[in-house]
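Thanks for coming. I will go through a few local features of one model, starting with a pair of helices and ending with a sheet.

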Amino acid sequence: MKNRKKLISLVLCLSMIIGLVSPGLSITSSAARVYSIPGLEIETAFDPNFASEGQRRTIDFVNPDFENGSPAFPGKAISLFTPGHRAFVSEGSIKTNTAIVVDANMTVIQVINRAPKPGDKPSFTESTDVVAPEGGFVLLACDSSYANDGYKKFIAENFKVGDAVKLRLDGTSVTLKQVLALSGDDEAPKAQLTLNYTDMYTTTDASALVSGAVTNRNSGLTYQINIKLLDAENNLIGADSGNVAVTEPGIVSGPSIVSGSAISGMIIDINEDGTFSQEVSLETGVNYIDVAIIENGVLLEKTTKSMIVFQKDQITLDEDKQVVMWIDQFANAKNLNTVEKIEKMVATAKNAGVTAFAFDVKGPEGYASYKKATLTNVPYLTETTNPSKSVEMEIDFLEEMIKASHAVGIKLYASYNFFTEGNLATGDSAIDIYEKNRDWAEVFQAPEDKGELKSVLDSDRKGTLIFVNPANEGVRQFQLDRVEEVLQNYDVDGVVMDRCRYDNQYADFSDITKTKFEAYLAGQGKTLENWPADAYKINADGTMTTGRLYNEWLTFRSQIIGDFAADLKTLVDEYEIIKGKDLLLSAYVGSWYEVYYQNGVNWADESFIYNERLNFPTPDLYTPEYRSTSYLDSIEFLMIGCYYDTEAEIAKYTTLGNILTNGKVPLIGSIDLTSLKTPELQRIGFQAAFDNSDGAMIFDLCYVNWYMIECAIKDRVYENPFTIGTYNPAAQVPLTITDINTSRAEDTIVLYNSEYGDATGTNQWGVEVIVDTNGVVTNVVNKQQAIDWVWGDNTELNNSIIPEGGFVISAADKSGSRTLRQLLANSYSAGDKTTAAYITDYLQYNTNVYNKENEVLSFSVKAWGISDSVEVLVNGKAATLKDTVSGTYEIPVKLANGSNLFKVEVYVDGLKTVEKEITMTGVNVTPSPVDPTPTPTPNPTPDPTPTPKPEEETVTTMEIKDKNGVTIVANIKTGKDGAVESAVASLNISKGNKVTTSKDKKTSYITIEIPTEGLLSVVNKLGEISKETVLEVEVTLPEKDIIKQLNNSPKGESLQTTIVIPSKLSNHDNIQFTSIIVPESVIEAAKLKNKDLIIKVQDEKGKAYKWTFDSKDLQNSKATGDINLALEVYRTEDKEDIQKLIDKDTKNKSGKVISFFNAGEFPAKAKVKLHIGNESKTKAKRVFLYRYNKKTNKLEELKQSNYKVDRKGYLTLELTNASDYVVLEQKPVDKIVNKLKTK
């Protein structure tokens, strides 16, 4: 899969990604003109064989007027100029600067004073005083030293004509229009629109929230929001698609004319502070949502912002989604060259949550990862001629991978680098592409060759991989033979198409391709008149002129790839019948579809219709003819490379994939671990791909830290399970180690022992300290090179042999940095005594809580370089070794409520090697009682005369366990006369029966389902005794599950617990939920972790009430015991004393009563959202809320008595104590109300 598989799109000057616009980015015009926008960058093109994004450089100014000092020229800068603004600094610098001209499609159309090649200075003969094209811009670079300052050099050396570039703001791609809006130079109207959302995302919800604010409002005008829901062809869709008009602010009426024209879509009012929020019902598939301001009845179209939402009606359950680990051929061969290594890796992958491997059976040089090449006789990977990839391997790599994978239930898909057969940089090719199969190589028409047609082997466009011509029948048959010999001889689960494409847009111009193109055109009733100019022509200056048949040329190339995929599908289907098992054909592609046409691949479904909000650079390409070249019908699932470093970009490109494929096949978003360098980024990136698609692919195994990726897959906050240290003999203190037995990444120090393998498998650019079994340093690799910082021919290889019983300390920095390598080089010398150790098995203390004063602290320690002893201290006291095999240590500890800190120190051979602080959290810990002073025993008194006992009440206990393991205990109390006085059922629900957990971007969820069958059984048994008695149900939230989730979720994440009460229970006449208890310990845990606590009670249809305790309010709260969240909503007619009071009111005939079952105050202010009815199809309804005082038999005015019931019938309250509240549609007469000021 690539040298660094991030790449698969175009690999040439034109081959840079242009990025989807962020139509709904929250950007508003500045009130005043600004010239500098922090975070604004230009991004270059990229070679998809090595990257998924280009280089970035800060844009210092937008439309400056240096000539007149607005602002003053700082001496060096990169500045952006749009039409109407002169790209100018001074007359004397016109021919000493560099610049690029970019058109409205974000494509470079001119490079001024371009460097002949990297490292060479431009001739500086061209003027940069040029005019920006309509919709485009000029990027001008100025400095005083080309070689040293780097501004002019960046422009001169990193751009070519045809490059598609990006503007980025804080890492997110933006449009030129959005940049101008930020600069205040967009001539936008005064009122501005801001939206709060991710501009493109996928959801399974039936609606999307549109929210934001209108700013810069004129106090004398009225403002509303217009929302349109559109399909790909810009037709209004959805329930709110009709024409409506504003009659007065906040009210929507039927079709009519406003200011001479109808405003279509939905119109909503805004709040006093300018904010707004509206749920918009979605249609299945892609939804384009336009949002704009209405000012005094006039639609301000210039304020329009768009969001793109893909709604999936078919939900793929998490357990049905694939988690695919990609295994690049040579990058992993050294660490998987024995059966034992393979089995260990596969077992670890299974434990982490991997369900499938995409295993390179054919690498980019063409070597096989299998020995039974019975049809092609291609050489095994051990025969590579590239010394840096040389590997010893006696096993059949593919065969052993299949055995190990299938043994634990992991699928293995055979991945092929289809149309690559060698490496130009190293000259390595499995099939001798240079002589024997030279005619297979692609023929370029590239800018570097000035219009001359040249083989990739001879072209001045120096690439890395040797792509072969997909239109060549010999090439195609050879690739099919490679697949067939694997299907014949190995039990794979499918085939993955990788690099099943053209190298770039400049291929292929061979005679074979010309003949096939002519035949294709004949089928269209067209003829080729001028070759290659009818497709396009590279001019003598390297610029491209597209021909009259350019779109036909692109469509033809896509058809070539589509036809090959169909042939491959036929072959796979044949072997599916022969083998009697499912064989899945899939593909990997780059997610940057907007420029993927350059590689001759159309992976969109034929139903895809282009919409201008996607902002593709070639909008006229997506004709019915081009759409028909899709190869989606040939595959069973598609993996797309969302190789970005932010959640928003990954979600965006996964959503684009959903829009393009439209549910035709399962779509799997893919992440690149080299783009996600921290544990949290890996977790966020994986979950963004996983949540927005039908699974996730991880590239690549060679970059994996297994515990880190396990946390990412299982959506757990990563905490290193090891605290690792080594004794620093120079400083005589512990030196912290980043990780143990994992691939060495940049900016890390890794400890390797013999459990990792025979050698470290590292490259030559690190420093390695080799320590023998006695703790003596035997060698420091690259010690002097790092100290002197001279790396050249004398650089020593790493890949150090790991001594049995010893260890290796290995460090690497990112390029240009020397910190860690020099730290090791200066700290260790041959002959030094050192030690290493780690502490582990302590992570449970981060999530567990303890309610006993006396506990045992347990953890494990392992040490190397030992000659004498290991001593472990906890807060200065010696811990006891309990298990010599696992290295488990224990020590009794005494806990108090809150955090209890224990410092663990490990001394090896008397040298302090590592230390770690462990925290145990106490909740509801009862201190040991102090023995009271004994009191004298009083003299006995005579027993009183017994009196006759009355006939006693009886309590019958009934216990039922339903099929899910939920235990229901019901206590039925009968009086002296045998009549049932009360019946109370308590539910014991815990994880494993009716509790499930899940999460999205900012919230963790616990869902509790109340068991229907068990409670109905209790009611039926109760009915045999008394048909009138109501069963009171008490539910206590699962304390341990909720506290564990609170402790395990990252900072800033909320926790929502949902209790689902099926309508069979909630609507039952003989069942009342009188207690839904939140234990005090849960409140305290949320307070301790500074988390919002949300509890939602609903039926299976979603009708609900929801409690929210804000983390800030909880911080100021005092413990008040458990909270009862149960409530009931009923009519005033059902409560006689309240209805009698309402009867005295001339404005209201009846109302609603909200009765809270909790006693007294809440621990903190609570926000309660509940359904009370009063649904409206047009707008929210105003209601009035009062507390009912039983003693005075009056309504009490509240600080806020004026509320709104939304269109769906929900009312949201903020309360501090429980009571009965009355909701009325009209403000009541004064005589039944105690006014707030007189209370």
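First, a definition: an axis here is a line fitted to C-alpha atoms, for helices over the stretch in contact, and angles run from 0 to 180 degrees between N-to-C directions. Helices (H or I, at least four residues) and strands (E, at least two) are DSSP runs, numbered from the N terminus.

The model is predicted, so local features need pLDDT of at least 70 and side-chain atom pairs count only at pLDDT 80 or more, while totals for chains, interfaces and linings use all residues. Residues are numbered from 1 along each chain as its sequence is written, and side-chain values use heavy atoms, with hydrogens and water left out.

Now the helix pair. Helix H11, residues 647-661, packs against helix H12, residues 679-692, at an angle of about 20°, and their axes are 9 Å apart. That makes H11 roughly parallel to H12; angles under 35 degrees count as roughly parallel, over 145 as roughly antiparallel, 65 to 115 as roughly perpendicular and the rest as oblique.

Which residues of H11 meet H12? On the H11 side they are Glu647, Ile650, Ala651, Thr654, Thr655 and Asn658, and on the H12 side Ile684, Gly685, Ala688, Ala689 and Asn692. Contact means heavy atoms within 4.5 Å.

Next, a loop. Threonine 82 lies between strand S4 (77-81) and strand S5 (98-102). Is threonine 82 buried or exposed? Threonine 82 is buried, with a relative accessible area of 4%; buried means under 20%, exposed over 50%, and partly exposed in between, with a 1.4 Å probe and protein chains only. Leaving out residues up to four places away in sequence, threonine 82 touches Asn63, Ala132, Gly136, Phe137, Leu176 and Leu180.

On to helix H6, residues 397-407. Its buried residues include Phe397, Leu398, Met401 and Ile402, and also Glu400. Among the elements covering the buried residues of H6 are helix H5 (339-352), strand S23 (411-417) and helix H7 (473-489). After H6 comes glycine 409, with a positive phi near 85°.

Last, the sheet. Six strands form an open antiparallel sheet in the order S36-S35-S42-S44-S48-S47. Its edge strands, S36 (733-737) and S47 (880-883), each pair on one side only. Two strands pair if DSSP finds at least two bridges between them. Within the sheet, S42 (residues 836-840) and S44 (residues 854-864) pair in the antiparallel sense over five bridges. Isoleucine 839 has valine 861 in S44 as its bridge partner.
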